[in-house]
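This report goes through a two-chain model by topic. Please view the sequence and coordinates alongside the text.

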Amino acid sequence: MKKLIGTLSIVLTLSLNVSAQSDMLLYNFNAISQSLHTNPAMPQQTKVWVGLPVISGFSTHYHNSGFSAVDIFAAGTDINANLRDVTASLDASSQLAVNQTVDLLGVGFRIKKGFLSLGATQHINVTMDIPYQLFNVLFSENNNSITQLDLSTFDLEISNRTAFYLGYQHRFLDEKLTLGFRANYLIGQQHAYIERSNVSLTNDSTYSIQGRSDIMVRSAGASAFEEDALDPLNIALADNTGFAINFGAHYQMNDKWSFSASVLDLGSITYNDYTRNYVSDSQFEFRGIEADLAANDFDNALDRALDSLEAGFNFEEVNGESYTKSLMPRVFAAANYHLSDKHAFGALYHSRVWNGEAFHDFGVNYQGRISRTFQWTAGYSIINGTVNNIGAGFDLKLGAFQLYLMSDNILGMVDYGGLQTTNFRFGINFTFYGKKDKNKKKKEAAETSAPSTNNNQSNNFINYF
Amino acid sequence: MKKNLFRVLFLGLVLVSCSEELDFSMTDDIAINPSGTVPLATLTLNLGDLVNDVDSSIVVDPNNALRIYYRQDSVFTYSASDILTIPDQDPFDLAVTESQPFFRVGVALGTISGAQLAAATFSSGKIGMEINARDSALNDIRFELTFYNAVLNGQTYSDTFTLPALQSTLIDSSVINGLTFDFSDGGTRVNFLDIGIKVLDADTALIPDNAIYTCGVALRDLGLEVASGYFGQRTQAAPAGSFDFEINGIENFAGGLFLTDPSVSLITKSTVGLPIRIVTDFDGQNLEGNVVSLDAPDFNILASPSPGVVQESRFTLDANNSAITNFLANIPQKILYAGNLSLNPDGDVGPPNFISSSSDIVIDFEVDVPMEMRIDQMRLDQTIDDFKISAGGNEDFFEDIKLFFNSENGMPLDLSLRVVLQDSITSDSIGGFEIGLLNAAPINSSGRVIAPAIADNEVVFDQALILALLRSGSLRFIATVNSTNNGQDPVKMYTDYDLVIRAAIEANSNIKVNSL
């Protein structure tokens, strides 16, 4: 058990300094090539893009759908009443997630009607259900019996992986339709997740507790740190590899409407190196101190009872067993209405699936393409039930250097007390847009005075830029 | 448009700046209040297992019924010396002169309590001889002492003492181990000693004129090998003493145990040809110090019919001839005894008494009682001292506690339990509770249990009782046991009686996190 906690701690420690993203604003903000991370078919404004190592993209994401600090620590309130209220609001969908993504390297360039990108990213994720059952036991006025505890729905996953990607998008149908694809080769450095946590302690009568333990915690990588001579290469390039694909589509229906969708992270990693499972599969009955009065065997009876309780869980460590774990698939779907070449409004749906459970985000946003030098976006999102998410972001192009910064919840960055969801993404790219299409501009000016109803070439922001 | 959007953003930031303040010092006030019902104990007892203890005083009959069997051997032991001793004899003087150098006389052996010996062999002893003369002789003078009614190695016993020349006094002795006397003088007398003393013929001429030798003869340090006759009528006190009398399982209880058919036996084994009457005084003392007398009547130990034959006598005490019912009902933990024995209590009747050095009388004590009983208010009163529970300054750790007890009682016994919380300084009661822990199982007409009885009890520890528990320095447990039908019905105990007691606790806690 101690090793299990140690393993989770190691993996969790490696996941600290994690940054965040719900990507609600990034998706439509194709001023920066990192938008390809959310949809490989997202048309790119740049002709050539080079992500500077490490600093080209750094994002962190925090999400707690259960509570915020002010829910508990609001000055002048009763903290125990607050905790009871928080507890009452928690349920099986309450989730805590912290993610960080770093663009290690990235390159992209246009090839006629296509756009090729390749690079590497580092992903660190911590995702867990908030154990509302424990909150109930600790803080609830009702349903707080420790002997009605059932943690079977508790999930936790921690991972640290590198993705090497190669993506390509191509425009079809007079550039109205763009299809994109990205292949990811994955190396997992550390990973742990709870495959099963069917732990329950229930009173089947006043005088008996039925214990059920069906636990499977799988881990990889953490046990490498137990070795005396630690070889960083063995960890960084561990034989924990996998493959995942992203694909998407973007369709510019007309001057006003465009639609897009993507599916990300369809794939898995097979973990072979430094794997260790923690397994408990037992069922036991606890009846307190069991003693035979005739034998007068009360010596150490309490210790024996506690030992039997511990033995009841029957934890075992199994080393060297390979396992395969799917990534957390994500789906985006968006519709954008373009007031003009410079202003567009969009609606976005995002979903991620974790351990068979889907978590949904909804958002609306504005995209302002003021100029090549400055573009910005703002929006409002409901992220897994949290509603106070007003986001904004911009990119500033200074010559070839492109600085960008955005967050799905800028209020949360200031109002940390009420923060439930926020993210922060920034980076510096080296980008080239190419020459502007002067003819296009002239043509647009003419069409402004005599609008065309049959425009075979999409009049979208890409062409504009 | 752009301007408006910036305004919206600015307004949002202003609103944010008005957000509520956070106070993280409130963590000191966090209290958790988990509750739960947790089993504390499951205790089992099988009577058969209980009596498997090799030291148990409870044994199992072939039909699995239990009985109390206890035997204490050699409670009283009387040796030959306790029964018959021959005291040192007073010296008797015989005067020998030149003119009368030989003297023979019959004297009586001194005995105790009028013992009249017909014969005896002494395993040890001495004959003391003291000779005093008015004048000393120029030569040794030899005196021959003869017991005409005693033989040693088949010869009439005779021994010679020499008064050295020029000496007027002789003090000497002779060992007479194995000397056999016939004190009966041919069946006509008792305690008869036929003694003769003379100056040896060869020395007679050496006796000075007018010399008188006073010869004092005495038997001393006599140890009997065998003896016969009439040993007299006397009473010999037995040394008082005590022995522990513990019956496993109930040794901590006091009073209220009424056995249906109690009996105690005294078994005597005698190799003494002597009728003896034993007078005993058995008192049973229980845990509470209450003493109940057995009130056993006197009983007779039959005389051994012949030397070397063990005569066993058994005397049974029961409800008809003693107070044994109340004696055992007291649940004695210690039995105090005293007694005496009367030799020839009816006088000189019957065959002659006999005894040998190896003869003795041994009295054993035996209890053999079926565990068929009626228990009426049998009590246990025990105190656990130095009881201490610390709440670490968090006296309201638990808002309330309930203790649950469930019993499946296959024994025909009620058990009610009173727990008294006593003040650590004054030992005064500061709280407590009482529960009927066990209900007696129902029985059939022969006293055997026919089904277990279920009892469920609940004790609520409110804040006052919890505080009393924290204050208490000792716990006093007072248990009262009754057999079925409030102690009115006799019940039988069998090995297949089982008992299961379950205990659980339900607690609603209120735990300040910073106190952990």
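## Ser79 of chain B

Ser79(B) counts as partly exposed, because 14 other C-beta atoms lie within 10 Å, and that number falls between the limit of 12 or fewer for exposed and 20 or more for buried. The model is a predicted one, and the values here are computed from it.

Ser79(B) belongs to strand β4 (residues 66–79) of chain B. In sequence, Ser79(B) is 278 residues away from Ser357(B), yet the C-alpha atoms of the two are 8.0 Å apart in space.

## Ile131 of chain B

Is Ile131(B) buried or exposed? Ile131(B) is buried, because 23 C-beta neighbours lie inside 10 Å and the class requires 20 or more. Strand β7 (residues 116–133) of chain B contains Ile131(B).

Leaving out residues up to four places away in sequence, Ile131(B) touches Phe143(B), Phe161(B), Leu163(B), Thr169(B), Leu170(B), Tyr213(B) and Cys215(B). A C-alpha separation of 6.4 Å is found between Ile131(B) and Ile171(B), which are 40 residues apart along the chain.

## Composition of the two chains

Chain B has 516 residues, of which 32% are buried. Its secondary structure consists of seven helices and 34 strands. When contacts in chain B between residues at least 6 apart in sequence are taken, 84% of them join residues at least 24 apart.

Chain A has 465 residues, and 45% of them count as buried. Nine helices and 21 strands are assigned in chain A. For contacts in chain A between residues at least 6 apart in sequence, the share that joins residues at least 24 apart is 67%.

## Contact between chains A and B

The contact between the chains involves 40 residues of chain A and 40 residues of chain B. On the chain A side, the elements that each supply at least two residues include α3 (79–89), α4 (132–139), β8 (208–220) and β19 (386–398). The largest share, four residues, comes from β12(A). By class, the side of chain A that touches chain B holds 24 nonpolar, twelve polar and four charged residues.

β12(A) also pairs with strand β2 (residues 35–46) of chain B, in the parallel sense and over four bridges. Within this pairing, Ala291(A) has Leu43(B) in β2(B) as its bridge partner.

## Confidence in chain A

The average pLDDT of chain A is 84, and 88% of the residues score at least 70. Confidence in chain A is highest in strand β9 (residues 240–252), at a mean of 96, and lowest in helix α1 (residues 2–14), at 45.

Over residues 4–21 of chain A the pLDDT stays under 50, and the model has 55 contacts beyond four places in sequence for this stretch. Residues 448–460 of chain A also have a pLDDT below 50, with 13 contacts in the model beyond near neighbours in sequence.

Conventions
Residues numbered from 1 in each chain as written. Chains lettered and ligands numbered in written order. Predicted model: local features only at pLDDT ≥ 70, side-chain atom pairs only at ≥ 80, totals over all residues. pLDDT = per-residue confidence, 0-100. Contact = placed C-beta atoms within 7 Å. Nonpolar A, V, L, I, M, F, W, Y, C, P; charged D, E, K, R; others polar. Pairing = 2+ DSSP bridges.
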